[in-house]
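Here's a quick briefing for anyone meeting this structure for the first time. Have a look at it, then read on.

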Amino acid sequence: MTTPIDPFRALQRFGLGRRGDEPLPSDPHAWLIAQTTGPDPAATALGGLPSAAEGLDLLYEQRKLRQTGVKLVEPVFAADADTQMDALLDSTSPFRERLVAFWANHFTVSTRQGETRALVGPYVREAIRPYVTARFADMLFAVMRHPAMVKYLDNESSIGPQSRAGLRSGRGLNENLARECLELHTLGSDGGYSQADVTSFAAILTGWSVARPGEIENSRNGFVFRPNAHQPGDKTLLGRVFGEGEDGGVEALSMLSTHPATYRHLARQMAAHFIADTPPPQAVAKLQSVLADTQGDLGAAARVLVGLPDPGATEQRKLRTPIVYAAAAMRTLDLPQGHRPKLRGALYELGEPLWEARLPNGWSDRSVDWAAPDALLRRVDWAYGLAGQGAKADPMAVAQAALGPNLHPATMEAIRHAGDRRDGLTLLYASPEFLRC
Amino acid sequence: MLNLRKSHAPLIGRRAALLGLSAAWSFGGASLAFGDAPMLVGPRDPRLVIVLLRGALDGMSAVVPYGDPALASLRGPLVGAPPGQPGGLLDLGGFYGLHPALAGMYGMYRANELLAVHAVAGATRSRSHFDAQDSLESGAEHRLNSGWLNRAALAFAQSNAGGRGLHDAAASRDPMALGVTVPLLLQGPAKVGSYAPDHTGRPSPDLYARIAALSGSDRLLGGTVAEGLRLRTLAETGMQDPMAMGAGGRPGAPDPYARNPFAQLAAAGGRLLGRPDGPRLAAMEIGGWDTHAGQASRLSAPLAQLDQGLVVLRDSLGPEAWGRTVVVAMTEFGRTARINGTQGTDHGTGGVAFLAGGAIQGGRVGGDWPGLGAGKLYQDRDLAPTTDLRALLKGVLAGHLGITDRGALNRIFPGSDGIGPTTGLLRA
């Protein structure tokens, strides 16, 4: 049985903090569960944004106009990113938004590599968001066939050496997507695969590619399978034989998505993100077994997650990652769109620029990685800037609305003695109980 | 991994648009952190800077063994023009050549201040970036909860305690750091801070003090804000010193390294390390090395940034402190000996490490060359490692920092009892 959850803790652990003085959920557990079973309330707000196919088209069009310096991708990227960040800030389903951020980071596509800028916005909306409470297999299929991931991890240029294209050009495999899929996305680095498995999986995935100019209309949202680049013959992955063709890849992904090592890896990642850097083994075990019992139902895993014990006193709680911290701080003021700073700018200032992770393993969610002096000082400085926009608010009222009984007496005392409202709000945002989950 | 901001790759059609945006995004790809403990120092007052090359530098492109007859057949398109030709390799004694983007480091080589060591690998044979970086920073085969440089900082303080030339102990004991985050390399029991240059409208000193007090007793956060402030003050004071700005620099002048965050950090780091009351151990990092495709064009930019950063570090330290400095640039593993199907290289094993600084006995390429011919490659794929990186690092810690006790060195690098420190790395 699950213990009753304090509504403020539910908002903080699994949401994005309380938005202004919005009504508190009367049954926090049911409120969290409902977010994993109901429809995605952000779907409407995000409905008009471009698809991956349209992003590709934009990219190719901009290439043609290179000489003119006309920028087509950037304004669309900016609008897409800001719309998604606005949906997060205004969300009535913040647990779902946390899951979107978590899975987007799990399946990182970064704009640092591979012409993904026109595609990463569509990627999060098309390959991640619809599946955060669905089967992991479905998310994995959507990710691996999304042009953003195919480009980001170089699979477009991976050619079967014995394929027609390979024999003609002398080109060959690029292992990048195959390796990261095994190590980061599915089995985990201790998942029991070998270098031979990586090479073989790369061969299985040859031909999984992105539409070129002129091919977009007949593609699957920008994804194409190229038989002439596909390595012929059977391949062996983890001791199982997979046949030639796109179906071989689908079957391999199906095996990986339901592999026990994958469930263990996902359980560890979820527990480390939402509970503690080093989560209790029982928590990992519970998540792992629900994933196994439901063939990878991520919604079922999310429902188990919210029933797991609270880490406890403030010091045991994880430091909020920059996106959660900045969104939570901005939500306390409940400023309307157009009257608040851009979340994207905040993420840059706090050292976690949106969709710009350095490496395919994404941004760290470990507390210690965000607790360096300069990182914390950046939070304080950014919070001071935000507090300047909330000059009309009563800091004590904001603090009590945001944290309720979890507000520390020392913080209340400091806010009470603050020289002005801006200082008072800054003290709230810089308090340990606000910095942590 | 390719970093768009650093790239000259022809593949990227909308580079111009991205550059404009990315140029404003400083410090996304480079950061620098300082170790604290070593303020009790002897008269030698050594400096040690570790540069993490995250993403796996292709050692055979940085230091090209152009004299090996098997090289061209393995990776012909990746081998540059030989020494003496326009844009050719910079010759390192007739067998090896330095990549032409490393002209500044070539100057160090000719001044006997750069030592390249080839066919190096660390404690792990993992080809996972993340496992291998954990290993590189932990100084052990698997990830530990602390980094070897943190443990070395403690040993450095202990081995020098009671020596002459003590600096202001109160200042010295405060933690010290540069960079938005502290890498695993520097995490651990020795207190470490971080600093990265920044600006913007800020709270008053009084508000900072009250904020620092709020988390004063917090296990993770206690003292951190106060330390961040101390370091910021220290670094910004240094920046207002016209003499510290480097050639032609003056307060308010445009940053000459605006497109190279690594060089910005190197400049700030050099100023801090050069100060009598500054830190003595530092870590920096720079990415852009994961060249799976189009390597020949993609590698030039990060190499040039590394090169500029090391030159800037030398110049901002000044001749006196540079003479007491060792810089170690190291990466998690090398890359495949053969070119892959996309004109790049995949994750490999043996690579190159650079040791630079006025304290280094340089002007040579070290390590035993394993050869590239038939049967010589590790698993018929990678450059076979012949030097354990931990031997080099132990050699630096022993010869430069005075951590000569074998037990202490083996505790810094657990599981390395059979690996002795390399001798002869440092000037007599």
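Leaving aside its neighbours within four places in sequence, which residues is Ser316(B) in contact with? They're Ala266(B), Ala267(B), Gly270(B) and Arg271(B), where contact means heavy atoms within 4.5 Å. Bear in mind that this is a predicted model: local features need pLDDT of at least 70, side-chain atom pairs count only at pLDDT 80 or more, and totals for chains, interfaces and linings use all residues. Residues are numbered from 1 along each chain as its sequence is written, chains are lettered from A and ligands numbered from 1 in the order in which they are written, and side-chain values use heavy atoms, with hydrogens and water left out.

**Ser316(B)**
- Ser316(B) sits in helix α12 (residues 300-322) of chain B; helices here are DSSP runs (H or I, at least four residues) and strands are too (E, at least two), numbered from the N terminus.
- Its relative accessible area is 18%, so Ser316(B) counts as buried (under 20% relative accessible area, with a 1.4 Å probe and protein chains only).

**Chain A overall**
- Chain A has 22 helices and 4 strands.
- Of its 437 residues, 63% count as buried.
- Take the contacts in chain A between residues at least 6 apart in sequence: 72% of them join residues at least 24 apart.

**Val120(A)**
- You'll find Val120(A) in helix α6 (residues 120-128) of chain A, buried at 0% relative accessibility.
- Val120(A) and Trp355(A) are 235 residues apart in sequence, yet 7.4 Å apart in space, C-alpha to C-alpha.
- Setting aside neighbours within four places in sequence, Val120(A) is in contact with Trp355(A), Phe77(A), Val109(A) and Thr111(A).

**Helix α16 of chain A**
- Helix α16(A) (residues 322-333) has 12 residues and reaches 17 Å from its first C-alpha to its last, close to the expected 16 Å (1.5 Å times one less than the number of residues).
- Because 12 of the 12 residues of α16(A) are buried, this helix is largely enclosed by the rest of the structure.
- Just after α16(A), Asp334(A) takes a positive phi of about 50°.

**Where chains A and B pack**
- Helix α18 (residues 373-389) of chain A packs against helix α8 (residues 205-214) of chain B at an angle of about 125°, with axes 12 Å apart (axes are lines fitted to C-alpha atoms, for helices over the stretch in contact, and angles run from 0 to 180 degrees between N-to-C directions).
- From α18(A), the contact is made by Leu377(A), Val380(A), Asp381(A) and Tyr384(A); from α8(B), by Leu207(B), Tyr208(B) and Ile211(B).

Methods:
Buried < 20%, exposed > 50% of the residue type's maximum accessible area, 1.4 Å probe, protein only.
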